[in-house]
Every structure is written in C-alpha cells, then in structure tokens.
Amino acid sequence: QLPGHLGGDSCRERFGRNLGEPAARTLDPDLDGIEVTRLLRTWTRVPIIVLSVRGGESDKVEALDAGADDYVTKPFDLRELVGVVERALGIGPSAGV
C-alpha cells in the first residue's frame with residue numbers, strides 16, 4: 001500500500017495529468033520507485049525507464065516485474081540512454097527490432 005499522498009489523483013497531480021505524452025520525471029529520493037511504478041501501471045502505459053545506482057540483478061528484475069520498460073544503471077553513457085529512450089518511444093534505428 002502506497003502512502004496516501006501517492007494514491008490516484010494525488011499521483012496524477014504530482015507527476016502530471018497528461019502522462020500519455022513522453023516526459024522526464026524525477027522522483028523524490030524518499031519515494032520507493034518500485035511502488036510508484038506499480039501504481040502508475042494501474043492507470044497508464046506511458047514508458048517507464050528506471051535510472052538507478054542499484055545495479056544488482058534482483059533490483060533490475062524487481063523494477064521490470066513492477067512494470068518498468070527498461071532499467072539503466074548509473075553511471076551510464078549518454079548514447080546508451082538516448083538509445084533506450086528512442087526504443088521506448090518507438091523511434092530511432094532500433095525501433096522496429
């Protein structure tokens with residue numbers, strides 16, 4: 001169960017009402033990104049790309065199982081991030097792969 005300030009409309013207000021459009025969002029470090037991902041997946045299919053310093057296999061699997069579309073471990077090369085974002089948005093050279 002998420003804290004009250006992350007439920008339904010409050011989450012939409014915090015992260016933006018029009019989550020159908022691609023946007024970058026920075027989460028408060030005090031929030032659990034896995035729980036936020038699960039909550040977002042209950043009402044949107046907007047691509048979710050996790051950027052994290054946690055590089056363990058279990059961290060990645062947990063985020064992907066929660067509904068994240070991809071997981072990038074910090075530090076990362078900007079070209080890697082661009083490729084991941086392009087793939088998530090269905091653009092760029094790897095879009096049809």
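**Chatting through the α-α-β-α-β-α chain**

Me: Hi! In what order do the elements of the protein chain run from the N terminus on?
Reply: Starting at the N terminus, the order is α-α-β-α-β-α. That makes four helices and two strands, where helices (H or I, at least four residues) and strands (E, at least two) are DSSP runs numbered from the N terminus.

Me: Anything to know about the model before we go on?
Reply: This is a predicted model, in which local features need pLDDT of at least 70, side-chain atom pairs count only at pLDDT 80 or more, and totals for chains, interfaces and linings use all residues. Residues are numbered from 1 along each chain as its sequence is written, and side-chain values use heavy atoms, with hydrogens and water left out.

Me: Thanks! Which way do strand 1 and strand 2 run, and how many bridges join them?
Reply: Strand 1 (residues 49-52) and strand 2 (residues 70-73) run parallel, joined by four bridges; strands pair if DSSP finds at least two bridges between them. Between the two, the chain passes through helix 3 (residues 57-66) in a right-handed β-α-β crossover. Right-handed means that, with the strands pointing away from the viewer, the path from the first strand over the helix to the second runs clockwise.

Me: And what stands opposite Ser 52?
Reply: That's Thr 73, in strand 2.

Me: Switching to the inside: which residues make up the largest nonpolar core?
Reply: Ten residues: Leu 31, Ile 34, Val 36, Leu 40, Ile 48, Val 50, Ala 63, Ala 66, Ala 68 and Tyr 71. Such a core is a set of buried Ala, Val, Leu, Ile, Met, Phe, Trp, Tyr and Cys residues joined through side-chain atoms within 4.5 Å. Buried means under 20% relative accessible area (1.4 Å probe, protein chains only).

Me: Which helix gives the most to this core?
Reply: Helix 2, with three residues.

Me: What caps the N-terminal end of helix 2?
Reply: Asp 32 does, with a side-chain oxygen 3.1 Å from the backbone nitrogen of Ile 34.

Me: Last one: is Thr 44 buried or exposed?
Reply: Thr 44 is buried, at a relative accessible area of 11%. Thr 44 sits in the loop between helix 2 and strand 1, and the Thr 44 side chain reaches the backbone nitrogen of Val 46 at 3.1 Å.

Conventions. Buried < 20%, exposed > 50% of the residue type's maximum accessible area, 1.4 Å probe, protein only. Polar contact = N/O pair within 3.5 Å; in protein donor to acceptor, adjacent residues only side chain to side chain.
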